[in-house]
Each structure stands twice: as structure tokens, then as C-alpha cells.
Amino acid sequence: MAAAAAEAVHHIHLQNFSRSLLETLNGQRLGGHFCDVTVRIREASLRAHRCVLAAGSPFFQDKLLLGHSEIRVPPVVPAQTVRQLVEFLYSGSLVVAQGEALQVLTAASVLRIQTVIDDALPALSLAGEKPHQCAVCWRSFSLRDYLLKHMVTHTGVRAFQCAVCAKRFTQKSSLNVHMRTHRPERAPCPACGKVFSHRALLERHLAAHPAP
């Protein structure tokens, strides 16, 4: 018997589907439909969809993973700028006046919206020997990376965690200095024989070790 003909497979690709989907979600947000999270900035607030915020901002994602239904943004970020960036997450479009560039850069660094930091704002020309200025204390920096590191002193976000003792730091350089206090050693588990490089790791392992 002749082999059955292979079944035809059709590939359907809609070029503008993703954009259309985001536009629909944005329309729902503006109409107050299906929003499941509140973003609060001082006395102001806005409603949004947690899936969109989490996809575009690690700051929002970390809060949502903890189960928060209301997220408070650090007060160093103006409410109107947060609205601009939330709109950007839905539309991919950001209109920034020259005088607002530093303010938007500050907000994007706090909310960790890397796309804005890397792609959108470098197109804005900030004149001067030290063009990157903190919108909180007005200190100026020659490089954008220096400004972003400085902004952590205002937000208090401790993004760098020690893998040994779980202590957190605002700067990677501070974590590197701290790691020198953990001298490498061989610490074997008396129950299963697994060897750890630090006693703190062994103690954490023993706490979770099944009782013999």
C-alpha cells in the first residue's frame, strides 16, 4: 500500500499581532478594565496589568513575585514620569522633552527599565562636561553609569546579594569587598559528605538536611 501523503502544515504569522495586542491592553488599562495591580507614587496612583509591568520592569516583577497587589514607587520619582514609563511599556513609544531627560533617566534607573536607559535616552544630547545630572540632589557625572550607581544611594535598592551569608549591598563593589571576609575553606557535611567552600553554606545546607 502506498505511503499516505504527508499532511500539509500551514504557518500563520501576523506581523502586527504583538503591537495590536499591546494596544488592546492599553485601551483596557485606560478604560479601567481587567487591571489587577495599583502603582502608587506618593498620593497619586494608577492601575495597570501586572503581566505588562512584570515583563517590562524587573523592579515591578520583583514586587509582584512577592504577591503585592499595590506597589509603591520610591518618592524620588515624580508621578507624571512614572505614568510616562508605564505608557511606554504598553506602547513602546516615549516622548521626552529635553528638559525632562534627566528626570526620565532617573525614573528608568529606579524602575530598572533597561530598554529606556540603553536605547531611548542616549539619543538625547545632554550638553556639558558632566552632562548626567542627578534629578534628586543635582550632582553631575561625566558618565551615565556613574549616575546610575549614584542613584542607588537615593533609592536604597540592594540588588547585590552575598551567595554565602545572603547579606545585600547597593553596589557591586561593596559586595566584592565584603566577599573577602569569607575565606575559602573545606567544610564537609557530616551527614552526607558534601563539601562546601564556606562554613555558612554548610550551615545553610544542614538546616535543610533531612533528619537521619
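Predicted model: local features only at pLDDT ≥ 70, side-chain atom pairs only at ≥ 80, totals over all residues.
**Entry 1: the end of a helix.**

**Entry 2: helix α4 itself.** Next I walked back along α4, which runs over residues 79–91 and so has 13 residues. From its first C-alpha to its last I got 18 Å, close to the 18 Å expected at 1.5 Å a residue. Which residues of α4 are buried? I wrote down Thr81, Val82, Gln84, Leu85, Val86, Phe88, Leu89 and Tyr90. A reminder to myself: an α-helix has 3.6 residues a turn, so residues three or four places apart point the same way.

**Entry 3: threonine 81.** I picked this residue because it is in α4 and its relative accessibility is 0%, so it counts as buried. Setting aside neighbours within four places in sequence, I found threonine 81 in contact with Gln103, Val104 and Ala107.

**Entry 4: the largest nonpolar core.** I looked up this core and found 36 residues in it. Which of them touch the most other members? They are Val39, Leu53, Phe60, Val73, Val82 and Leu85. The elements giving two or more residues to the core are β1 (37–41), β2, α2, α3 (58–65), α4, α5 (101–111), α6 (114–120) and α7 (144–155). Helix α5 supplies the largest share, 7 residues.

**Entry 5: histidine 49.** Where is this histidine? I located histidine 49 in the loop between β2 (44–48) and α2 (50–56). Is histidine 49 buried or exposed? Its relative accessibility is 4%, and the cut-off for buried is under 20%, so histidine 49 counts as buried. Its side chain makes a polar contact with the side chain of tyrosine 90, at 2.7 Å. That took me back to α4, where Tyr90 is among the buried residues. Apart from neighbours within four places in sequence, histidine 49 is in contact with Leu25, Gln28, Arg29, His33, Phe34, Cys35, Asp36, Val37 and Tyr90.

**Entry 6: stepping back.** Last, I looked at the whole chain, which has 9 helices and 9 strands. Of its 212 residues, 31% count as buried. The accessible surface comes to about 13,700 Å², and carbon and sulfur atoms hold 54% of that. Among contacts with a separation of 6 or more, 40% join residues 24 or more positions apart.

Conventions: Residues numbered from 1 in each chain as written. Heavy atoms only, no water. Helix = DSSP H or I, 4+ residues; strand = E, 2+ residues; numbered from the N terminus. Expected span 1.5 Å × (residues − 1). Buried < 20%, exposed > 50% of the residue type's maximum accessible area, 1.4 Å probe, protein only. Polar contact = N/O pair within 3.5 Å; in protein donor to acceptor, adjacent residues only side chain to side chain. Contact = heavy atoms within 4.5 Å. Areas by Shrake-Rupley, 256 points an atom, 1.4 Å probe, with all protein chains shown as cover. Core = buried A, V, L, I, M, F, W, Y, C linked by side-chain atoms within 4.5 Å.
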